[in-house]
Amino acid sequence: MQVRHQIRPLRMLAALFKWFFIAIAIFGISFLVAAYFFIVELDKELPDIEQLEHVQYQMPLSVYSRDGLLIGQFGEKRRIPVPIGEIPKQQLNAFLAAEDERFFTHPGVDYKGLLRAANHLLKTGKKSQGGSTITMQVVRNFLISKEKTYLRKLKEILLALKLERRFSKNEIFELYLNKIYLGQRAYGLAAAAQTYYGKSLSELSLPQQAMLAGLPKAPSLYNPIVNVERATERRNYVLKRMLDLNFISAGQFRQALASKDDAAIQPTVIEFDAPYVAEMARQELLEKYGDDAYTLGLKAYVTVSSGLQQAADNAVRTGLHLYDDRYGYRGLPHKKLAKQSALKSLPAFGDCRQAVVSALSESGFVAMAADGAELMVAWEQVPWRRAEVERFRSKPWQGFFIQPGDIVWLRQLEDGRWALSQIPAAEAALAAVDPFSGAIQAISGGFDFYRSRYNRATQSKRQPGSGFKPFIYAAALEKGFTPASIINDAPIVIADPSQANDWRPENYTRRFLGPTPLRVALRQSINLVSIRLLQDIGIPYALEVAMRFGFEKEQLPGTLSLALGSGYASPLKMAQAYSVFANGGYAVKPYLIERIDDYSGKVVFQANPAGVCRHCSEGLESANSARRVVSPQVNFLMNSLLRDVVERGTATTAKQLGRSDLAGKTGTTNDQRDAWFNGYTQDFAVSVWLGFDNSNSLGRGETGGKAAIPIWMEFMRKALKDKPEMPLVAPDGIVQAYVNPEDGLLLDKSNKNGLWEFFAEETAPKSYSMPKQPEFEWDENAEGLQEALF
């Protein structure tokens, strides 16, 4: 009986356990089934890992010169993708030691690490950063967000497992090393090597490799530039892990541990400084691609070569100093260096840099530059204070205008010597265009881009002054005028109902020549002849011709002041217009970007401008030929006139270049607010402007021939080196005739008062000039004179 009572509880307990295990089994199966369907549904929400097959890294926009030098880089993310085969093995080992030692053995998820993280969560209630493999970090960086939730972690695990089945370990590792953020805007290993050490991956030392491998965990906290101590601790931890995993020997470990890290902000990778050009390219690409331009890894190659751009920048700066020197030294910056540590903060603009005077002597003074260099300036290179310099030689620096500790501006001359200088008060710009294609060959928008980003070569709206007259003359030639046509240079009054007073234009010289041939009028830039010429041909026709040369209607006034260049234009627009004269009469459009490559090197854009076949015969132009806008005959006559401006007119200074194929036109506006020279050969159409941004007067006598031509000459001296002279060849339909310069009619060749002139065949004079009758002089003593006359 007692046994029976004992068996019943055992049966009950067994039954209880049976139902308990059944319940557990049911719950387990239900959980697994639910988990299965949950994962199936979750899997539907996961991104497609196939997108990693052709991953496109976010890479900055790079702009290169025509000769392949990097001139600009734009975009927040610095990235240089590299194949894993080009990464040193020891660098790979450093990342394995720091991030995922079992990467090559686990299936994408490190279960030991996950269990360790779960155990830490149970014990402390806090999430652990452990358990995240390199594969899971790739998933996080490429496929899902970085929010810290359990659902996101589950997605990460599922994707990591799928990733490992689809891609090889090396492919996954390569994605990781090219994507990870390593601080200082550097994304990817190669970019970080350049950012912190200025080296390629193959040049890094072991401690530097370990330093980079320690960054992914906390790029800001372990940044060796910002926090050297914490970064070194992290580096040493990575080295110790490498030692424990037998990646390095004990000797290598000790040597690396003793190494002092030399990470520093590296100088820009820009190979050639052309910021105005780079900014123009950036704006154009932004219009073409939108904000994607900053991340697509595009490489844009511009039409500007480094040699010509350097010549343009130097010419602008030299010309501004020439102008500035004529108006004296404006004085010191009137401040002393606060402390020696502030030396590095001394600025540099253009070709000028600040330095601190350290000593004076009878031969000159010594100044310390921002980089610590000692620069010697001879008194001969202090051009403005000759009297004080002479007085100084006898009475050392008592009361002298330069004292030790003064901050001064210096610039280096072509011969290597240093001179006292100053930042020019005026500004200048230069634009050079290939007349046959429209390719921009050089753009200098001002003295220094970092002082003023305003690009005067492309953005300015300045009156072109007399530089616009050739387009009036071209229209007149089309209307039947000739270089020998006579226009009266005499005072003129233009009634203007909208103004209180009538318009009374004047010549620059305020003198009048009377009846004047067009050749002489353009050569001497006579205003009143241009106005009368515009009256004769009509303003509407002149506007139509000017627009053929590339001007927009809104740039041109519909009044007689058009003859004096009262509209507005930029140097680039003027260079474009003068290209027509240089290329034989065709309108070309300036362009800057020659080619665009994508991140893989594939060409995605190639310029194909409508140009002029330089060596083609008339009528045999290419299919993509530019439009002819003036006839060959009119174009030839304009070239003859504009070469004469250089040979005998307002631009004779340019003859110092020693060439016979130079042509162009000076321009000066009212009160000398703008000084221009627009000149060309068959190789270059170049426009130069000099003035003040606020339109102040440049000063009496500061004409285009005085202020702007030196800049043009300085550029062309370099640009035309080794370029052969091109003679002016007359096309069919051009004839020469010996004419009387006083009336433009034919003259007998025996008459020494005539000259040879070019004409379009249909406008050549047909009649001869009537010889002047000699004036009769009264002689009171002549007998019978009255009878003889009457």
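Biologist: Which strands make up the open sheet, and in what order do they run?

Modeller: In this predicted model, the open sheet is formed by five strands in the order β13-β12-β22-β21-β20, and the pairing is antiparallel.

Biologist: And which strands sit at the edges?

Modeller: The edge strands are β13, covering 440-444, and β20, covering 663-668, each of which pairs on one side only. Leaving direction aside, neighbouring strands of this sheet are turned by 10 degrees against each other on average.

Biologist: How many bridges join β12 to β13?

Modeller: Strand β12, residues 427-433, is joined to β13 by four bridges, and the two run antiparallel. Within that arrangement, Ala432 stands opposite Ala442 in β13.

Biologist: What does helix α12 lie across?

Modeller: Helix α12, which spans residues 306-325, lies across β12, β13 and β22 (685-691), and it runs at about 35 degrees to β13.

Biologist: Switching to β8, is that strand buried or exposed?

Modeller: Five of the six residues of strand β8, residues 364-369, are buried, so the strand is largely enclosed by the rest of the structure.

Biologist: What does β8 pair with on the β7 side, and how are they joined?

Modeller: Strand β7, residues 352-360, pairs with β8 in the antiparallel sense over five bridges, and a hairpin joins β7 to β8 through three residues. As for individual partners, Val357 has Ala367 in β8 as its bridge partner.

Biologist: On to helix packing: how do α2 and α6 cross?

Modeller: The axes of helix α2 (residues 89-99) and helix α6 (residues 169-179) come within 12 Å and cross at roughly 85 degrees, and the two helices are therefore roughly perpendicular to each other.

Biologist: Which residues make that contact?

Modeller: From α2 the contact uses Leu92, Phe95, Leu96 and Glu99, while from α6 it uses Phe173, Tyr176 and Leu177. Sorted by type, the residues of this contact of α2 with α6 are six nonpolar, no polar and one charged.

Biologist: What about α14 and α16, at what angle do they pack?

Modeller: Helix α14 (residues 469-478) and helix α16 (residues 527-537) pack at an angle of about 40 degrees with their axes 10 Å apart, which makes α14 oblique to α16. The crossing of α14 and α16 is left-handed.

Biologist: Which residues are involved there?

Modeller: On the α14 side they are Lys469, Ile472, Tyr473, Ala475 and Ala476, and on the α16 side they are Asn527, Val529, Ser530, Leu533, Leu534 and Ile537. The residues of this contact of α14 with α16 divide into eight nonpolar, two polar and one charged.

Biologist: Now Ser640, where is it found and what does it touch?

Modeller: Ser640 is found in helix α19, residues 632-648, and at 9% relative accessibility Ser640 counts as buried. Not counting residues up to four places away in sequence, Ser640 touches Arg519, Leu728 and Phe758.

Biologist: Last one, how many helices and strands does the protein chain have?

Modeller: The protein chain has 21 helices and 24 strands, and buried residues make up 50% of its 790 residues. Among the contacts in the protein chain with a separation of 6 or more, 68% are between residues 24 or more positions apart.

Methods
Residues are numbered from 1 along each chain as its sequence is written. This is a predicted model: local features need pLDDT of at least 70, side-chain atom pairs count only at pLDDT 80 or more; totals for chains, interfaces and linings use all residues. Side-chain values use heavy atoms; hydrogens and water are left out. Axes are lines fitted to C-alpha atoms, for helices over the stretch in contact, and angles run from 0 to 180 degrees between N-to-C directions. Angles under 35 degrees count as roughly parallel, over 145 as roughly antiparallel, 65 to 115 as roughly perpendicular and the rest as oblique. Contact means heavy atoms within 4.5 Å. Ala, Val, Leu, Ile, Met, Phe, Trp, Tyr, Cys and Pro count as nonpolar, Asp, Glu, Lys and Arg as charged, and the others, Gly among them, as polar. Two strands pair if DSSP finds at least two bridges between them. A crossing is left-handed if the near helix is turned anticlockwise from the far one by less than a right angle, and right-handed if clockwise. Buried means under 20% relative accessible area, exposed over 50%, partly exposed in between (1.4 Å probe, protein chains only).
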